[in-house]
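This report goes through a protein model part by part. Please look at the sequence and the structure before reading on.

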Amino acid sequence: MSDSAVTQVPVFDLKRQTQALKPELMAALESVVDGCGFSLGPQVKAFEEEFAAATGAAHVIGVDSGTSALHLALLALGVGPGDEVIVPALTFIATAWAPTYVGATPVFCDVDPVTLCMSPESVASAITDKTKAVICVHLYGQSADLTGLNAVCQEKGVPLIEDAAQAQGALFEDRHVGIDGVMGCFSFYPTKNLGALGDAGALTTNDEALAAELRTLRDHSQKVKYQHHAVGFNYRMAGFQGAVLSVKLRHLGGFNDRRREIAAAYHAGLSGVSELTLPTEVAGRHHVYHQFVCRHPRREALTTALRERGVGTGLHYPRPLHRQPVYEPLGYGVGSFPVSETAADEVFSLPMFPELRDEEVAYVVETVRAVASEV
Ligand SMILES: *Cc1c(COP(=O)(O)O)cnc(C)c1O
């Protein structure tokens, strides 16, 4: 047993960060109340500029969620019925909603066995003459292979969209994710590395024409007030969210450093545990550990034993998208994407958030070591 009094470690606890930042957050909210810029407005504009500086993107377009960002990305490229969009089989469902929303067909592909991010080889074999876009996901906070993916996409003349919902602060080589593809899509859902106090999202792009199109689409397709030349949407970011995101963006680097510190402690404490696979950091990619995803062949037994000893775990993700009931009509059978399917059976996530205390991290390490030898 450890000397510390820790007996419970939550997989995630949003209260700690929210309470710690409460004075700054309340001041930010108050500035919106005072200025009445409730929908878009000056705080959203300021955040867009700050996020552009942070990512190196020429343009940032604030929207109301990551799901809306992905939808707008495909709309801006004119993707529609009869078109195909390639997405990884192992990701959160919203990546696949985007093609579905525009009436296109999501075409799934497999992931790399080491990073669990979309594999360029799998994309290459899924591209057809109907492919209008590829959406890669920087899964768990680590960049996908942008060199490999861009090579495949450029050879076939297909635009690459980056779903960077889990990767605020992640780098590929020296560049922030979200700027190597034609557009990057970010979510600021409260549990993400950069989380709002509610729903919010953004797109990044270096293409001025696309940026203008995205700004128009998010606000009812009106360049001139009450003039609508195309179907538009109400995907505007709320002023409150822009204001709190500016506050949280100032802390993002520190938060991600702390996530990496916790990940290093997990790596140091858990390497060599029999049958336990730890996440791999690929050279040249700055991993920001949105999740710390391990694998174990007896995942259920291990996570049950951890839960009994007070260690919370997550599942990202227990069922690959081609096996989701909603996509059954697409006809993908078991065995279509073996890497994604095996991963879905084996993955589990350890507690990971910047406010985890060292004693809690130590308790997780000690408990995983203890139960791994029993299951
Ligand atoms: C969270 C997430 C989204 C969706 O973002 P929302 O803001 O919740 O709509 C999309 N893709 C991935 C990979 C995500 O993790």
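How many salt bridges does a search of the whole structure find? The search finds 17 salt bridges, where a salt bridge is a side-chain nitrogen of Lys or Arg within 4 Å of a carboxyl oxygen of Asp or Glu.

## Basis of the report

This is a predicted model, in which local features need pLDDT of at least 70 and side-chain atom pairs count only at pLDDT 80 or more, while totals for chains, interfaces and linings use all residues. Residues are numbered from 1 along each chain as its sequence is written, and side-chain values use heavy atoms, with hydrogens and water left out.

## Two domains

The protein is divided into domain 1 (16-109 + 117-246) and domain 2 (252-372); these bounds come from an automatic or database domain assignment. Taken over C-alpha atoms, the centres of domain 1 and domain 2 are 25 Å apart.

## The interface

In domain 1, 36 residues are in contact with 37 residues of domain 2, contact meaning heavy atoms within 4.5 Å. Between them the domains bury about 2,900 Å², 61% of it on carbon and sulfur atoms. Buried area is the accessible area (1.4 Å probe) that two parts lose on being put together, summed over both.

One salt bridge is counted between domain 1 and domain 2. R16 and E360 form a salt bridge, with their closest N and O atoms 2.8 Å apart.

On the side of domain 1 that touches domain 2, the elements giving two or more residues are α1 (14-20), α5 (94-101), β3 (105-109) and β6 (171-172). Helices (H or I, at least four residues) and strands (E, at least two) are DSSP runs, numbered from the N terminus. The most comes from β3, with five residues.

## Around the ligand

Of the 15 residues around the ligand, G66, T67, D163, S187 and K192 come nearest; a residue counts as near if one of its heavy atoms lies within 4 Å.

A polar side-chain atom of D163 is 2.8 Å from a nitrogen atom of the ligand. For Q166, a polar side-chain atom lies 2.8 Å from an oxygen atom of the ligand. In the side chain of S187, an N or O atom is 2.6 Å from a ligand oxygen atom.

Methods
A polar contact is a pair of N or O atoms within 3.5 Å; within protein, one must be able to donate a hydrogen and the other to accept it, and residues adjacent in sequence count only if both atoms are side-chain atoms.
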